[in-house]
Amino acid sequence: MVEVLTYHNNLNNLVLFHSDWVLVGSSATLKHVHEYADNGTLWNLDFADALVKLSKLTMPPGSTGEIRKTCRLDSIPRLLVLVIRVNDRINT
């Protein structure tokens with residue numbers, strides 16, 4: 001599972017992107033790195049839940065939005081940072 005390998009690499013300091021390093025830089029995010037490295041099913045469930053929450057957010061005032069025919073994600077850890085921020089926004 002690619003996602004689990006990403007978190008294992010992060011714990012072993014085998015990452016290139018600043019966004020990956022940030023995940024192990026605080027106890028709040030490091031906890032999630034350990035959880036997801038140990039449990040791929042938990043990652044899948046949390047990821048799906050976060051995408052549902054993200055889809056319910058309204059557009060910022062004055063924004064026209066963007067509809068894409070092709071969406072690609074090149075870095076799962078960067079998405080985790082987004083997921084954490086979205087969850088924080090929804091839970092406050």
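User: How many helices and strands are there in the chain?

Analyst: Five helices and zero strands. Reading from the N terminus, the elements go α-α-α-α-α. Keep in mind that this is a predicted model.

User: OK, what does the confidence look like across the chain?

Analyst: The average pLDDT of the chain is 75, and 67% of the residues score at least 70.

User: Where is confidence lowest, and where is it highest?

Analyst: Lowest in helix 5 (residues 76-91), with a mean of 51, and highest in helix 3, at 89. Where pLDDT is low, the predicted coordinates should not be read in detail.

User: Noted. What share of the residues is buried?

Analyst: Of the chain's 92 residues, 26% count as buried. The accessible surface is about 6700 Å², and carbon and sulfur atoms account for 57% of that.

User: And the contacts, what fraction joins residues at least 24 apart?

Analyst: If you take contacts between residues at least 6 apart in sequence, 63% of them join residues at least 24 apart.

User: Switching to helix packing. At what angle do helix 3 and helix 4 pack?

Analyst: Helix 3 (residues 27-38) and helix 4 (residues 40-55) pack at about 115°, and their axes are 5 Å apart.

User: Which residues make that contact?

Analyst: On the helix 3 side E35, Y36 and D38, and on the helix 4 side G40, L42, W43 and D46. By type, the residues of this contact split into three nonpolar, one polar and three charged.

User: Are Y36 and W43 buried or exposed?

Analyst: Y36 counts as buried because its relative accessibility is 5%. W43 is buried too, with a relative accessible area of 3%.

User: Which residues do the ring pairs link into a cluster?

Analyst: Y7, Y36, W43 and F47. Two of those names, Y36 and W43, also turn up in the contact between helix 3 and helix 4.

User: Last topic, backbone. What's the story with phi at N13?

Analyst: N13 has a positive phi of about 60°, although N13 is not a glycine.

User: Where is N13 found?

Analyst: In the loop between helix 1 (2-11) and helix 2 (18-23). With a relative accessibility of 47%, N13 counts as partly exposed.

Conventions:
Residues numbered from 1 in each chain as written. Predicted model: local features only at pLDDT ≥ 70, side-chain atom pairs only at ≥ 80, totals over all residues. Heavy atoms only, no water. Axes fitted to C-alpha atoms, helices over the stretch in contact; angles between N-to-C directions. Helix = DSSP H or I, 4+ residues; strand = E, 2+ residues; numbered from the N terminus. Contact = heavy atoms within 4.5 Å. Nonpolar A, V, L, I, M, F, W, Y, C, P; charged D, E, K, R; others polar. pLDDT = per-residue confidence, 0-100. Buried < 20%, exposed > 50% of the residue type's maximum accessible area, 1.4 Å probe, protein only. Phe/Tyr/Trp six-rings, centres within 6.5 Å; stacked < 30°, edge-to-face > 60°. Areas by Shrake-Rupley, 256 points an atom, 1.4 Å probe, with all protein chains shown as cover.
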